Amino acid sequence: MTLQRDAGLLRRHPANPVVAAADLPYPAELVFNPGVVRWRGGYLMAFRADTGWNPGTAVFGSTVIGLATSEDGSSWRPRPAPWIDGAAADVLRERGATRAYDPRLTVVEGVLHLSFAVDTPHGIRGAVARVDDDLAGWTLLDLTVPDDRNLALFPERIEGLLWRLHRPFAVYGRGAPEAFDLWASASPDGVHWGGARLVLGSEQVPWANAKIGPGAPPISVAAGWLAFFHAVTIDAARELPAWHPGWRKTYTAGAMVLDAREPWRVLGLCREPLLVPEAAYEREGFRGHVIFPGGAVLEETGEVRLYYGAADTCVALAVGDAEAIAARCLADGPPPGH
Ligand code: BMA
């Protein structure tokens, strides 16, 4: 499968990568997969940082979630110490967690929320947590049943309910390997979730031949919700540059518009990817050719800043016009039926 060119709706920021491992004041070989929100007049980022690369086993010894702050959204100051170590935090460790990673941040009704993936010996689970105002502590609200991850909360209640996008791993009953889809579910309180609806099947994304998953928490646009996602294309014949031996998956960013009141309904899907790995920092690293969007900030000017992990190695930023991206999704129309 040949990857299409990108839709030409985003520009990479000249300061890219905006956060790299060398910027961290603690040991890290990789810093990637950021969640970003506007917070207290500035910007707040949560990211994944890995250290202790073992070339023999091709795994990292430790994964943590770190925080960084910024006044302008492009120059970032990491905090002096890691924030969450999934293997050490009591509430996760007592549930058997071995690591926590891929954070997303959403301010819901003025309260900062964090969602992230948790590896456990009984499967991968998605966590939803409420964060204290001073960022010192957090309260776990929900851990999904396995296997599920890439949780992204909507920033507002819809018809009185909280909503999240997520990506369960339907290993049996789905046919093709890794044909995983994007779902939504709702909750009255952030603790009890249900009413799951399929949002987008991986087969509906024209440039993907494997799994898809939610990216950044959706942002509000005139027609509904603009939601960014990641989509995976595997070329079995082409090994990609990576420290990870045998890496063949290309991750791209895509966009769709969801209905304002029925957020599982896709009003428009941009038929071309929004970002395809092209820059050196997207093509080379721990896993080359990876763009993994986790944070979207809508500015008052209408500009959207999309923050993404690049090559599973650093954090990068691309900017565009939110309504223009939504308009392209709507012009392309809803995806063909499930
Ligand atoms: C996914 C997750 C992400 C990672 C991506 C690309 O399955 O593990 O953390 O960025 O793969 O390697």
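Guide: A pocket is an open set of grid points with protein on both sides within 12 Å along at least five of seven lines, and its lining residues have an atom within 4 Å of a point. The model before us is predicted.

Visitor: What makes a residue part of the lining of the largest pocket, and which residues lie nearest its centre?

Guide: An atom within 4 Å of a point is required. In the largest pocket 32 residues form the lining, and Arg48, Arg99, Tyr101, Arg149 and Arg287 are those nearest the centre. The volume of this pocket is about 560 Å³. Two or more lining residues come from each of β2 (30-39), β3 (42-54), β4 (59-70), β6, β10 (148-153) and β17. Strand β4 gives the largest share, 5 residues.

Visitor: Why is another space called a cavity?

Guide: The word applies because a 1.4 Å probe fits there but cannot get out. The count comes to 1 cavity of 30 Å³ or more, and the largest cavity has a volume of about 30 Å³. Its lining consists of Val108, His113, Val128, Leu141, Leu153, Leu162, Gly190 and Trp193.

Visitor: How do you know that β8 and β9 are paired?

Guide: Pairing needs at least two bridges. Strand β8 (residues 123-131) is joined to β9 by 5 bridges, so the two strands count as a pair. They run antiparallel, and alanine 129 stands opposite leucine 140 in β9.

Visitor: Why is the sheet of 4 strands called open?

Guide: Its order is β6-β7-β8-β9, with antiparallel pairing. The edge strands, β6 (99-108) and β9 (138-143), have a single partner strand each, so one side of each is left without a neighbour in the sheet. On average, neighbouring strands of this sheet are turned by 25° against each other, direction ignored.

Visitor: What makes a group of residues a nonpolar core?

Guide: The members are buried residues of nonpolar kinds such as Leu and Phe, joined through side-chain atoms within 4.5 Å. The largest core has 29 residues, among which Leu226, Phe228, Leu274, Tyr308 and Ile325 touch the most other members. Elements giving two or more residues to this core include β16 (224-234), β20 (303-310) and α3 (322-332). Beyond its neighbours within four places in sequence, leucine 274 is in contact with residues including Leu10, Phe228, Ala253 and Ile325. A second, separate core has 24 residues, among them Val37, Ala89, Ala100 and Trp138.

Conventions:
Residues are numbered from 1 along each chain as its sequence is written. This is a predicted model: local features need pLDDT of at least 70, side-chain atom pairs count only at pLDDT 80 or more; totals for chains, interfaces and linings use all residues. Side-chain values use heavy atoms; hydrogens and water are left out. Axes are lines fitted to C-alpha atoms, for helices over the stretch in contact, and angles run from 0 to 180 degrees between N-to-C directions. Buried means under 20% relative accessible area, exposed over 50%, partly exposed in between (1.4 Å probe, protein chains only). Contact means heavy atoms within 4.5 Å. Grid points are joined across faces, edges and corners, and a volume is the space filled by probe spheres set on the points.
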